[in-house]
Amino acid sequence: MEKAALSSPPPPTLMTPPLRSFRQKIAFRLGMGVWRADQQFEGYLFLLPSLIGFLLFVLAPILISLALSFHEWDLLTPPEYVGAANYTELFTNDPVFGAVLKNTFWYTLLIVPLQLVLGFVLAVALNTGLRALRWYRMLYFMPVIASIVAAAMVFRFLFNQQSGIIAAGVWQTKELLLGLPFVQASPQLLDSVQGLAPPDFLNAPGQGFLPGWAIISVTLFTVWKNVGFTMVVYMAALQAVPDPLYDAAKVDGASGWQRLRYVTIPLVSPTTFFLLVVQMLGAFQLFAEPFVMVASSQNSVALASESLVMYIYRNAFGFLRMGKAAAISWILFAIVFVVTIVQTLLQRRWVHYQVD
Amino acid sequence: MQKKFFLLCMVLVALMAFGTAAVAQDDVTLLWGMWGDPAEIATHQLVADAYMAANPNVTIELWSQPWGEYFTKIDTLFVAGDATVIPDVFFMTPIQDRAAAGVLQDLTALIEESGLDLEDYWPGALESTSYEGVVYGFPRDIGIEVLYYNKDHFDAASLDYPTDEWTWVELRAAAEALTVKEASGRISRYGFAMEGGKYFDFVGANGGLILDDMFNPTQCTLSQPEAVEAFEFFAGMMNDEIAWRSANLGQAGGDLSVFLGEQASMFIQNASRVPALNAAGVNYDVAAVPTAPGGTRQAGIANGAAWVMSSVTDTPDAAWDFMQFLQSPEGGQAIYFATGEAFPPTRSGAESPVFMNPERGPENKQAWIVGAESANINGFGWFPEYNELNGTLINPVLDTIWAGEAQAADVLPGVCESVDAYLVEHGYGA
């Protein structure tokens, strides 16, 4: 029958409960407890366990961390109130915070579009009714469920400048090129081939504000790890696009690309919005991927690849500065909050929700 | 009848009271905390079993955590304050912050009572476990380093084996001769491998220091000529492609892995690599860490994780007795040093037949004693802010030196500027 666009309660005029007491009438008029206004108390009682859990284990720690960010605490001695010193230190006196922000910014900027686009492409490709669909889907989804630490360690060995397979590939290509006659004939070419060497994939920082190899390696690993998830979500969304629309487009003379651009993409835009927000949150909070891949010691900042959450971890458990770590996490919250608000405001422009 | 019965009851009650009192006095349970992987925990359990066999009234319960979580968990236990779950004797390093916070027991009185000979410990060993002149713990072992080398590689290159009298000159020459470079330019075997973090082996040997005083620093001394020379030597070997670059080494699995994979011919490390090398049957030996051309040697830092006592323990005497057992060559040391994976903190322990066991490799164990004679603890900062200072101001810049992106002489003055500013901010500056 009619598909309900949003789950709102049915209009009150159709189904009014019998209102016996004055209290019930007031509750009804105020829009509270449309159904059983006399069982509100029981309702709250049922909610209480979940509510207590939320208050104790989510809300209270969040508020405590806010308070903590205005203190200096090393776990061993009582916290000491320092006002906004942690925040000012981060923005004026921290030699490393700039690099950390740069790395996190690049991680988000590179990982999110790559994951979205690749996931979408894969989903469209797998949506064409391939015979071995299930196998491909499984292959692309397996990295998602693989242990992140194990996978990161494997990629660490892959990318090692000295003993990694990719570096070995560069050396072998170089040998191959050196063996070619036309390379040996030209002294310029020979020179430039001689100078070939694998870059430091895991540790090279970029020049100035540009991303370096370290950021690119972590990006490649993270995209490989998570593209399967994006693909699977898009596959579900593609299934929900009604076929008649494609038929209508074909009748109008639209080519494959045009169908993709004018039918498919707008109709999966709610999914795109969801994935965009969720993956941005994940990219801002990247920790395990760079931490395990680069494997720097607990107490030493790896400038080329340190992300915000890594820096929080180092300050909290490496340097025993809980207050500063809390301050960094609230700065992260502020950044993510602003970005999400901006995205929610922008969504009206490009997200097409289906309304029947 | 009733009177007799009553008397009997009184006697029984009296006996019970005495009995339980006697039992309650002698039966002690000690909680013993440490970190380690399952193999290391098994060794600790052997030590506990040995002590319990010799002292039937004492029960030792092990409390172990993986290294990454150990320190946070101990700290939270102390914050919670419940003495029944806080370990009585436990592993700790470094001890200064926790001694300052008052969670460790001052051992002076117990040392005097038992007449322990503190001179038996290698120089510097007890300095690292003291705070403001008071001893708080005893290192179980100390991290004296030696130069490991692959004898097969030396034989194949017709080179003389390293000796305990080697200097940097011979080290570099051997590294050059042992490095194997392919036609494409790829290095398939480096002559030398050492973690960048051990740079103080070179700086200290050359008479340099990181900070002018590692307990109460007033200024950074890394930009002094002795230190810069040492950096240029070590980084020079990496830039000339005869030594592994530090980051690559760590990410390839560390010195042991590359040595076993025959991608390095020599490396400098403490005794922890011995069991794996023995088990793999590698034809190797060790020599003392090479001295600087001027003649001084810095074979690592003479500190190690220490056994400390909690300040809230309710059985200090039993805990002290156990600590002494742990440190005695016939007691704990006989078990800990049986595999050769650690170097004893005492002269008596190092010269004992347990460590010097001729049937267990390597042959030249004397190399450790040579290194320990000039031991000191100058390679580490013994004040609370050192981790942050090192991790944000010093190491990130040193990483660029090891990666060949910067020259030591160019960047070290900048490091010292920022370190001096940090010291002033935190109340240490001159």
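Two residues count as being in contact if their C-beta atoms, placed from the backbone, lie within 7 Å. Keep that in mind for the first stop. One more thing before we click around: this is a predicted model.

**Stop 1: where the chains meet**

Show chains A and B together. The contact between them draws on 28 residues from chain A and 27 residues from chain B. Now look at the chain A side. Two elements there give two or more residues each: helix H7 (165-179) and helix H15 (308-318) of chain A.

**Stop 2: chain B as a whole**

Chain B has 18 helices and 14 strands, and its C-alpha atoms fill a box of roughly 110 × 55 × 35 Å along the principal axes. Of the 430 residues in chain B, 47% are buried. Take the contacts in chain B with a separation of 6 or more: 75% of them link residues 24 or more positions apart.

**Stop 3: a sheet in chain B**

Next, pick out five strands of chain B. They make an open sheet with mixed pairing, in the order S9-S10-S11-S8-S12. Which strands sit at the edges? Select 180-181 and 284-288 of chain B: these are strands S9 and S12, and each pairs on one side only.

Stay with S9(B) for a moment. Its partner is strand S10 (residues 187-193) of chain B; the two run antiparallel and are joined by 2 bridges. Click on B:Lys181 and look across to S10(B), where B:Ile187 stands opposite.

**Stop 4: a pair of helices**

Finish with helix H17 (residues 386-402) and helix H18 (residues 408-425) of chain B. Their axes are 10 Å apart, and they pack at an angle of about 175°. Angles over 145 degrees count as roughly antiparallel, so that is how H17(B) and H18(B) are arranged relative to each other.

What meets what here? Show side chains: residues of H17(B) including B:Leu389, B:Leu393 and B:Val397 meet residues of H18(B), among them B:Val411, B:Val415 and B:Tyr422. By class, this contact has 10 nonpolar, 2 polar and no charged residues.

Key:
Residues numbered from 1 in each chain as written. Chains lettered and ligands numbered in written order. Predicted model: local features only at pLDDT ≥ 70, side-chain atom pairs only at ≥ 80, totals over all residues. Pairing = 2+ DSSP bridges. Helix = DSSP H or I, 4+ residues; strand = E, 2+ residues; numbered from the N terminus. Buried ≥ 20, exposed ≤ 12 C-beta atoms within 10 Å, placed from the backbone. Axes fitted to C-alpha atoms, helices over the stretch in contact; angles between N-to-C directions. Parallel < 35°, antiparallel > 145°, perpendicular 65-115°, else oblique. Nonpolar A, V, L, I, M, F, W, Y, C, P; charged D, E, K, R; others polar.
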